[in-house]
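Subject: Structure for you to look through

Dear colleague,

Please find the structure below, together with its sequence. Once you have had a look at it, read on for what was found in it.

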Amino acid sequence: MAFNFDQRIDRRHSDSLKWQKYGDRDILPLWIADTDFRVADCITEALQTRVSHGIFGYGVTPQAFIDVVIERMNTRFGWQIQPEWLVFLPGVVTGLNLCVRAFTEAHQGTIAPIPIYPPFRLAAKLAARTQVSAPLQLHDQRWVLDLDALEPELKGNEKLLLLCNPQNPGGTVYRREELEAQLRFAQRHDLVVCSDEIHCDLLLEPGVKHIPFASLSEDAAQRSITLLSPSKSFNIAGLGASLAIIPNRELRERFNRERKGMVPDVDVLSYVAATAAWQDGQPWLDAQVAYLRANRDVLTQHVNALPGLSMVAPEGSYLAWIDASNLKVASPALFFEKHGLGFSPGRDFGDDKFVRFNFGCQRAMLDEALRRMTLALAIGR
(Lines give C-alpha, C1' and ligand atoms only; values in the text may rest on other atoms or scores of the structure.)
Protein backbone atom coordinates (compact mmCIF):
# COMPACT_ATOMS: atom_id res chain seq x y z
CA MET A 1 0.00 0.00 0.00
CA ALA A 2 1.39 3.39 -1.04
CA PHE A 3 1.14 6.48 1.17
CA ASN A 4 1.96 9.98 -0.06
CA PHE A 5 3.85 11.81 2.65
CA ASP A 6 5.01 14.37 0.08
CA GLN A 7 1.46 15.71 -0.27
CA ARG A 8 1.29 19.28 1.01
CA ILE A 9 -1.86 20.27 2.87
CA ASP A 10 -2.29 23.96 3.66
CA ARG A 11 -2.64 24.36 7.43
CA ARG A 12 -1.76 28.04 7.66
CA HIS A 13 -5.36 29.26 7.92
CA SER A 14 -6.77 26.24 9.72
CA ASP A 15 -7.09 25.86 13.49
CA SER A 16 -3.48 24.65 13.70
CA LEU A 17 -1.56 25.96 16.72
CA LYS A 18 1.66 25.07 14.91
CA TRP A 19 0.89 27.13 11.83
CA GLN A 20 -0.99 30.02 13.44
CA LYS A 21 1.91 30.93 15.73
CA TYR A 22 3.60 33.09 13.10
CA GLY A 23 0.46 34.34 11.35
CA ASP A 24 1.17 35.47 7.81
CA ARG A 25 4.89 35.99 8.39
CA ASP A 26 7.16 33.97 6.14
CA ILE A 27 8.41 31.67 8.90
CA LEU A 28 8.42 27.89 8.55
CA PRO A 29 6.88 26.38 11.73
CA LEU A 30 9.27 23.64 12.83
CA TRP A 31 8.56 23.76 16.54
CA ILE A 32 5.65 22.02 18.29
CA ALA A 33 5.56 18.23 17.93
CA ASP A 34 2.88 17.47 15.42
CA THR A 35 3.51 16.49 11.82
CA ASP A 36 2.17 17.86 8.56
CA PHE A 37 1.04 14.45 7.26
CA ARG A 38 -2.57 13.54 6.55
CA VAL A 39 -3.61 10.80 8.96
CA ALA A 40 -4.15 7.20 7.94
CA ASP A 41 -7.40 6.55 6.08
CA CYS A 42 -8.48 4.05 8.73
CA ILE A 43 -8.66 6.90 11.26
CA THR A 44 -10.63 9.22 9.01
CA GLU A 45 -13.03 6.47 8.02
CA ALA A 46 -13.63 5.42 11.62
CA LEU A 47 -14.34 9.01 12.62
CA GLN A 48 -16.72 9.52 9.69
CA THR A 49 -18.63 6.38 10.63
CA ARG A 50 -18.98 7.52 14.25
CA VAL A 51 -19.96 11.08 13.26
CA SER A 52 -22.70 9.75 10.96
CA HIS A 53 -24.38 8.28 14.04
CA GLY A 54 -25.19 11.87 15.01
CA ILE A 55 -25.32 11.52 18.80
CA PHE A 56 -22.41 12.41 21.07
CA GLY A 57 -23.59 11.95 24.64
CA TYR A 58 -21.46 10.88 27.57
CA GLY A 59 -19.35 7.89 26.61
CA VAL A 60 -17.51 5.01 28.20
CA THR A 61 -14.11 3.60 27.34
CA PRO A 62 -14.74 1.21 24.42
CA GLN A 63 -13.77 -2.38 25.07
CA ALA A 64 -12.13 -2.35 21.64
CA PHE A 65 -9.63 0.27 22.84
CA ILE A 66 -8.84 -1.65 26.02
CA ASP A 67 -8.29 -4.79 23.94
CA VAL A 68 -6.04 -3.08 21.41
CA VAL A 69 -3.88 -1.53 24.16
CA ILE A 70 -3.34 -4.92 25.82
CA GLU A 71 -2.65 -6.64 22.51
CA ARG A 72 -0.26 -3.93 21.32
CA MET A 73 1.82 -3.93 24.50
CA ASN A 74 2.18 -7.71 24.21
CA THR A 75 2.93 -8.07 20.51
CA ARG A 76 5.20 -5.03 20.11
CA PHE A 77 7.02 -4.99 23.43
CA GLY A 78 6.46 -8.39 25.03
CA TRP A 79 4.77 -6.69 27.98
CA GLN A 80 1.72 -8.47 29.37
CA ILE A 81 -0.58 -6.02 31.11
CA GLN A 82 -3.98 -6.29 32.80
CA PRO A 83 -7.05 -4.17 31.98
CA GLU A 84 -7.39 -2.95 35.57
CA TRP A 85 -3.96 -1.31 35.29
CA LEU A 86 -5.25 1.20 32.73
CA VAL A 87 -6.23 4.78 33.54
CA PHE A 88 -7.47 6.82 30.57
CA LEU A 89 -6.49 10.46 30.21
CA PRO A 90 -7.07 13.39 27.82
CA GLY A 91 -3.30 13.85 27.41
CA VAL A 92 0.11 12.66 28.54
CA VAL A 93 0.92 16.09 29.99
CA THR A 94 -2.07 15.60 32.29
CA GLY A 95 -0.43 12.38 33.45
CA LEU A 96 2.86 14.13 34.20
CA ASN A 97 1.10 16.71 36.37
CA LEU A 98 -0.97 14.08 38.16
CA CYS A 99 2.15 12.08 38.98
CA VAL A 100 3.88 15.07 40.55
CA ARG A 101 0.84 15.86 42.69
CA ALA A 102 -0.08 12.28 43.57
CA PHE A 103 3.37 10.97 44.50
CA THR A 104 5.03 13.93 46.21
CA GLU A 105 4.04 16.10 49.14
CA ALA A 106 4.69 19.83 49.37
CA HIS A 107 8.04 19.32 51.12
CA GLN A 108 9.22 16.61 48.72
CA GLY A 109 11.03 16.80 45.42
CA THR A 110 11.18 15.40 41.92
CA ILE A 111 14.00 14.43 39.55
CA ALA A 112 13.93 14.98 35.79
CA PRO A 113 16.48 14.86 32.98
CA ILE A 114 17.79 18.07 31.49
CA PRO A 115 17.33 19.00 28.71
CA ILE A 116 13.76 17.73 28.76
CA TYR A 117 10.31 18.33 27.27
CA PRO A 118 9.12 21.55 29.00
CA PRO A 119 6.02 20.11 30.81
CA PHE A 120 8.35 17.95 32.93
CA ARG A 121 9.78 21.10 34.48
CA LEU A 122 6.50 23.00 34.50
CA ALA A 123 4.65 20.20 36.31
CA ALA A 124 6.98 20.55 39.29
CA LYS A 125 6.75 24.35 39.20
CA LEU A 126 2.94 24.39 39.06
CA ALA A 127 2.76 22.02 42.04
CA ALA A 128 5.39 24.05 43.96
CA ARG A 129 7.70 21.04 44.12
CA THR A 130 11.46 21.21 43.90
CA GLN A 131 13.18 19.48 41.01
CA VAL A 132 16.73 18.19 40.70
CA SER A 133 18.05 18.05 37.15
CA ALA A 134 19.64 14.84 35.92
CA PRO A 135 22.07 15.93 33.21
CA LEU A 136 22.20 14.31 29.80
CA GLN A 137 25.72 13.80 28.49
CA LEU A 138 26.79 13.10 24.93
CA HIS A 139 28.39 9.64 24.88
CA ASP A 140 29.20 7.76 21.66
CA GLN A 141 26.86 10.06 19.71
CA ARG A 142 23.92 9.45 22.05
CA TRP A 143 22.42 11.62 24.77
CA VAL A 144 22.38 9.51 27.96
CA LEU A 145 21.65 10.18 31.62
CA ASP A 146 24.67 10.85 33.82
CA LEU A 147 23.44 9.27 37.06
CA ASP A 148 26.86 9.59 38.71
CA ALA A 149 26.77 13.37 38.29
CA LEU A 150 23.24 13.41 39.69
CA GLU A 151 23.96 11.65 42.98
CA PRO A 152 25.75 14.56 44.76
CA GLU A 153 22.89 16.92 43.86
CA LEU A 154 20.21 14.96 45.69
CA LYS A 155 18.71 16.49 48.84
CA GLY A 156 17.26 13.24 50.20
CA ASN A 157 13.62 14.34 49.92
CA GLU A 158 13.09 13.23 46.32
CA LYS A 159 10.19 10.83 45.76
CA LEU A 160 9.51 10.87 42.01
CA LEU A 161 11.79 10.20 39.03
CA LEU A 162 10.45 11.49 35.71
CA LEU A 163 11.82 9.70 32.66
CA CYS A 164 11.30 10.10 28.92
CA ASN A 165 12.00 7.25 26.48
CA PRO A 166 12.50 7.81 23.59
CA GLN A 167 14.04 10.95 24.99
CA ASN A 168 12.65 14.35 24.02
CA PRO A 169 14.52 16.37 22.82
CA GLY A 170 17.64 14.19 22.56
CA GLY A 171 16.11 11.34 20.55
CA THR A 172 17.80 8.57 22.54
CA VAL A 173 16.14 5.15 22.75
CA TYR A 174 17.47 3.68 25.96
CA ARG A 175 19.01 0.21 25.88
CA ARG A 176 18.16 -2.44 28.47
CA GLU A 177 21.36 -1.92 30.47
CA GLU A 178 20.68 1.83 30.62
CA LEU A 179 17.13 1.27 31.82
CA GLU A 180 18.36 -1.20 34.41
CA ALA A 181 20.79 1.42 35.70
CA GLN A 182 17.88 3.84 36.01
CA LEU A 183 15.93 1.16 37.88
CA ARG A 184 18.82 0.56 40.31
CA PHE A 185 18.97 4.32 40.92
CA ALA A 186 15.23 4.35 41.66
CA GLN A 187 15.58 1.40 44.01
CA ARG A 188 18.54 2.95 45.81
CA HIS A 189 16.56 6.12 46.52
CA ASP A 190 13.11 4.50 46.87
CA LEU A 191 11.57 6.46 44.00
CA VAL A 192 8.31 6.16 42.12
CA VAL A 193 9.07 6.34 38.38
CA CYS A 194 6.91 8.10 35.80
CA SER A 195 8.02 7.06 32.32
CA ASP A 196 6.73 9.09 29.36
CA GLU A 197 6.93 6.70 26.39
CA ILE A 198 4.75 8.60 23.93
CA HIS A 199 7.31 8.36 21.09
CA CYS A 200 7.80 4.59 21.43
CA ASP A 201 6.35 3.82 17.98
CA LEU A 202 8.70 6.24 16.20
CA LEU A 203 11.97 4.31 16.13
CA LEU A 204 14.23 5.53 13.35
CA GLU A 205 17.46 3.66 14.03
CA PRO A 206 17.43 0.17 12.45
CA GLY A 207 17.71 -2.61 15.00
CA VAL A 208 16.84 -0.44 17.99
CA LYS A 209 13.93 -1.66 20.13
CA HIS A 210 11.76 0.12 22.64
CA ILE A 211 11.67 -1.48 26.10
CA PRO A 212 8.97 -0.22 28.49
CA PHE A 213 10.56 0.66 31.83
CA ALA A 214 7.83 -1.24 33.68
CA SER A 215 8.60 -4.43 31.74
CA LEU A 216 12.13 -4.73 33.20
CA SER A 217 11.04 -6.60 36.32
CA GLU A 218 8.27 -6.94 38.85
CA ASP A 219 9.93 -4.28 40.99
CA ALA A 220 10.02 -1.89 38.03
CA ALA A 221 6.34 -2.53 37.37
CA GLN A 222 5.34 -1.98 40.99
CA ARG A 223 7.09 1.40 41.28
CA SER A 224 6.13 2.83 37.86
CA ILE A 225 3.55 4.75 35.88
CA THR A 226 3.87 4.46 32.09
CA LEU A 227 2.33 7.21 29.96
CA LEU A 228 1.34 6.40 26.38
CA SER A 229 -0.71 7.72 23.47
CA PRO A 230 -0.98 7.22 19.70
CA SER A 231 -1.12 11.01 19.34
CA LYS A 232 2.45 11.65 18.19
CA SER A 233 2.96 8.58 16.04
CA PHE A 234 -0.36 8.95 14.19
CA ASN A 235 -0.63 12.78 14.17
CA ILE A 236 -3.82 12.92 16.26
CA ALA A 237 -2.57 15.15 19.08
CA GLY A 238 -5.71 17.28 18.74
CA LEU A 239 -7.72 14.18 19.69
CA GLY A 240 -6.38 13.55 23.16
CA ALA A 241 -6.71 9.84 23.86
CA SER A 242 -3.91 8.88 26.24
CA LEU A 243 -3.43 6.45 29.09
CA ALA A 244 -1.43 5.62 32.16
CA ILE A 245 -0.48 2.02 32.87
CA ILE A 246 -0.15 1.56 36.65
CA PRO A 247 0.31 -2.05 37.84
CA ASN A 248 0.59 -1.12 41.53
CA ARG A 249 -2.89 -0.85 43.04
CA GLU A 250 -1.91 1.65 45.73
CA LEU A 251 -0.20 3.94 43.22
CA ARG A 252 -3.19 3.63 40.90
CA GLU A 253 -5.58 4.62 43.65
CA ARG A 254 -3.46 7.64 44.61
CA PHE A 255 -3.28 8.68 40.96
CA ASN A 256 -7.06 8.36 40.55
CA ARG A 257 -7.76 10.30 43.75
CA GLU A 258 -5.73 13.21 42.40
CA ARG A 259 -7.55 12.94 39.08
CA LYS A 260 -11.08 12.81 40.49
CA GLY A 261 -13.21 15.88 39.84
CA MET A 262 -10.37 17.69 38.05
CA VAL A 263 -9.54 15.78 34.88
CA PRO A 264 -12.21 15.22 32.22
CA ASP A 265 -12.85 11.87 30.61
CA VAL A 266 -11.54 11.12 27.14
CA ASP A 267 -14.17 12.15 24.57
CA VAL A 268 -15.91 9.64 22.31
CA LEU A 269 -14.25 10.74 19.05
CA SER A 270 -10.77 10.57 20.56
CA TYR A 271 -11.35 6.95 21.50
CA VAL A 272 -12.52 6.19 17.97
CA ALA A 273 -9.39 7.72 16.42
CA ALA A 274 -7.02 6.07 18.89
CA THR A 275 -8.60 2.65 18.47
CA ALA A 276 -8.44 2.85 14.68
CA ALA A 277 -4.81 4.01 14.79
CA TRP A 278 -3.49 1.17 16.94
CA GLN A 279 -5.82 -1.44 15.48
CA ASP A 280 -5.48 -0.81 11.73
CA GLY A 281 -2.84 1.89 11.20
CA GLN A 282 0.39 -0.11 11.34
CA PRO A 283 1.09 -0.11 7.56
CA TRP A 284 0.73 3.69 7.52
CA LEU A 285 2.96 4.01 10.59
CA ASP A 286 5.66 1.80 9.08
CA ALA A 287 5.68 3.91 5.92
CA GLN A 288 5.82 7.14 7.95
CA VAL A 289 8.78 5.88 9.97
CA ALA A 290 10.66 5.10 6.75
CA TYR A 291 9.91 8.62 5.46
CA LEU A 292 11.00 10.22 8.74
CA ARG A 293 14.20 8.16 8.76
CA ALA A 294 15.10 9.56 5.35
CA ASN A 295 14.28 13.09 6.55
CA ARG A 296 16.47 12.53 9.60
CA ASP A 297 19.41 11.37 7.51
CA VAL A 298 19.17 14.36 5.15
CA LEU A 299 18.91 16.76 8.10
CA THR A 300 21.78 15.22 10.06
CA GLN A 301 24.16 15.26 7.12
CA HIS A 302 23.29 18.84 6.19
CA VAL A 303 23.42 20.31 9.70
CA ASN A 304 26.77 18.72 10.50
CA ALA A 305 28.21 20.23 7.33
CA LEU A 306 27.20 23.75 8.37
CA PRO A 307 29.60 26.01 10.29
CA GLY A 308 28.69 26.53 13.94
CA LEU A 309 26.09 23.74 14.14
CA SER A 310 26.12 20.09 15.11
CA MET A 311 23.64 17.36 16.00
CA VAL A 312 23.50 13.63 16.63
CA ALA A 313 21.03 11.57 14.65
CA PRO A 314 17.97 10.93 16.85
CA GLU A 315 17.23 7.24 17.32
CA GLY A 316 13.55 7.92 17.89
CA SER A 317 10.92 10.65 17.31
CA TYR A 318 10.89 13.30 14.56
CA LEU A 319 12.70 15.88 16.68
CA ALA A 320 16.31 16.97 16.27
CA TRP A 321 18.32 18.60 19.08
CA ILE A 322 20.74 20.97 17.36
CA ASP A 323 23.77 22.44 19.13
CA ALA A 324 24.18 26.08 18.08
CA SER A 325 26.59 27.11 20.84
CA ASN A 326 29.32 27.98 18.34
CA LEU A 327 27.16 30.56 16.59
CA LYS A 328 27.97 33.10 19.32
CA VAL A 329 24.50 34.67 19.22
CA ALA A 330 22.41 35.63 22.24
CA SER A 331 19.52 33.37 21.23
CA PRO A 332 19.86 30.81 18.42
CA ALA A 333 16.06 30.52 18.18
CA LEU A 334 15.61 34.26 17.64
CA PHE A 335 18.53 34.31 15.21
CA PHE A 336 16.93 31.65 13.02
CA GLU A 337 13.46 33.16 13.35
CA LYS A 338 14.80 36.34 11.73
CA HIS A 339 15.74 34.14 8.79
CA GLY A 340 12.34 32.48 8.45
CA LEU A 341 12.79 29.41 10.64
CA GLY A 342 10.53 28.77 13.62
CA PHE A 343 12.34 26.34 15.92
CA SER A 344 11.59 25.49 19.55
CA PRO A 345 13.96 27.54 21.75
CA GLY A 346 16.45 25.42 23.66
CA ARG A 347 15.88 27.45 26.83
CA ASP A 348 12.40 25.89 27.13
CA PHE A 349 14.12 22.51 27.50
CA GLY A 350 16.90 23.76 29.77
CA ASP A 351 19.71 24.85 27.41
CA ASP A 352 19.49 28.08 25.42
CA LYS A 353 22.47 27.13 23.23
CA PHE A 354 20.30 24.62 21.35
CA VAL A 355 17.21 24.60 19.15
CA ARG A 356 14.78 21.76 18.53
CA PHE A 357 13.90 21.09 14.89
CA ASN A 358 10.69 19.20 14.05
CA PHE A 359 11.41 17.32 10.81
CA GLY A 360 7.97 15.71 10.62
CA CYS A 361 7.21 17.55 7.40
CA GLN A 362 7.20 17.11 3.64
CA ARG A 363 10.63 16.71 2.07
CA ALA A 364 10.14 19.90 0.08
CA MET A 365 9.62 21.87 3.29
CA LEU A 366 12.67 20.25 4.86
CA ASP A 367 14.75 21.20 1.82
CA GLU A 368 13.52 24.80 2.06
CA ALA A 369 14.34 24.90 5.78
CA LEU A 370 17.87 23.67 5.09
CA ARG A 371 18.26 26.28 2.34
CA ARG A 372 17.24 28.99 4.79
CA MET A 373 19.60 27.67 7.47
CA THR A 374 22.50 27.72 5.03
CA LEU A 375 21.64 31.28 3.94
CA ALA A 376 21.24 32.46 7.54
CA LEU A 377 24.72 31.25 8.45
CA ALA A 378 26.20 32.77 5.31
CA ILE A 379 24.63 36.16 6.03
CA GLY A 380 25.41 36.04 9.74
CA ARG A 381 23.73 38.18 12.35
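Which residues form one aromatic cluster? The cluster is made up of Phe3, Phe5, Phe37, Phe234, Trp284 and Tyr291. Please keep in mind, as you read, that this is a predicted model.

**Aromatic rings**

The count of aromatic pairs comes to 17. In one of them, the ring centres of Phe5 and Phe37 are 5.2 Å apart and the planes stand at 75 degrees, which is over the 60 degrees required, so this pair is edge-to-face. Phe5 belongs to the segment before helix 1 (17–20), whereas Phe37 belongs to the loop between strand 1 and helix 2 (41–53), so the pair ties together parts that are 32 residues apart in sequence.

Phe65 and Trp278 form an aromatic pair of the stacked kind, with 6.0 Å from centre to centre and 5 degrees between the planes. Because Phe65 lies in helix 3 (residues 63–77) and Trp278 in helix 10 (residues 268–280), this pair ties together parts that are 213 residues apart in sequence. Phe65 is buried, with a relative accessible area of 0%, and Trp278 counts as buried as well, at 5% relative accessibility.

Charged side chains also sit over rings. Arg363 lies over the face of Tyr291, at 4.7 Å from the ring centre, and Tyr291 is one of the residues of the aromatic cluster. The charged end of Lys21 is found over the ring of Trp31, 4.2 Å from the centre of that ring.

**Helices that pack on helix 10**

Helix 3 packs with helix 10 at an angle of about 35 degrees, the axes being 9 Å apart, and the crossing of these two helices is left-handed. On the side of helix 3 the contact is made by Ala64, Phe65, Val68, Val69 and Arg72, and on the side of helix 10 by Tyr271, Ala274, Thr275, Trp278 and Gln279, so that the stacked pair of Phe65 and Trp278 has both its members among the contact residues.

Helix 2 also packs with helix 10, at an angle of about 145 degrees and with the axes 8 Å apart, and here the crossing is right-handed. Among the residues of helix 2 that meet helix 10 are Cys42, Ala46 and Arg50, while those of helix 10 include Val268, Val272 and Asp280.

An open sheet of five strands has the order 1-12-13-11-10, and its pairing is mixed. Strand 1 (28–30) and strand 10 (310–311) stand at the edges with a single partner strand each, so one side of each has no neighbour in the sheet. Helix 13 (residues 363–379) packs on this sheet and touches strand 1, strand 11, strand 12 (341–345) and strand 13, with a direction that makes about 100 degrees with that of strand 1. Strand 11 (residues 319–323) and strand 13 (residues 354–358) pair in the antiparallel sense over five bridges, and Leu319 stands opposite Asn358 of strand 13.

Elsewhere, strand 4 (residues 130–139) and strand 5 run antiparallel and are joined by four bridges, with His139 opposite Arg142 of strand 5. Two residues lie between the strands of this hairpin, in which Asp140 takes a positive phi near 50 degrees. Strand 5 (residues 142–145) is covered on both faces, with Arg142 and Val144 buried on one side and Trp143 and Leu145 buried on the other.

Methods. Residues numbered from 1 in each chain as written. Predicted model: local features only at pLDDT ≥ 70, side-chain atom pairs only at ≥ 80, totals over all residues. Heavy atoms only, no water. Pairing = 2+ DSSP bridges. Contact = heavy atoms within 4.5 Å. Axes fitted to C-alpha atoms, helices over the stretch in contact; angles between N-to-C directions. Phe/Tyr/Trp six-rings, centres within 6.5 Å; stacked < 30°, edge-to-face > 60°. Buried < 20%, exposed > 50% of the residue type's maximum accessible area, 1.4 Å probe, protein only. Lys NZ or Arg CZ within 6 Å of the ring centre and 35° of its normal. Left-handed = near helix turned anticlockwise from the far one by under 90°.
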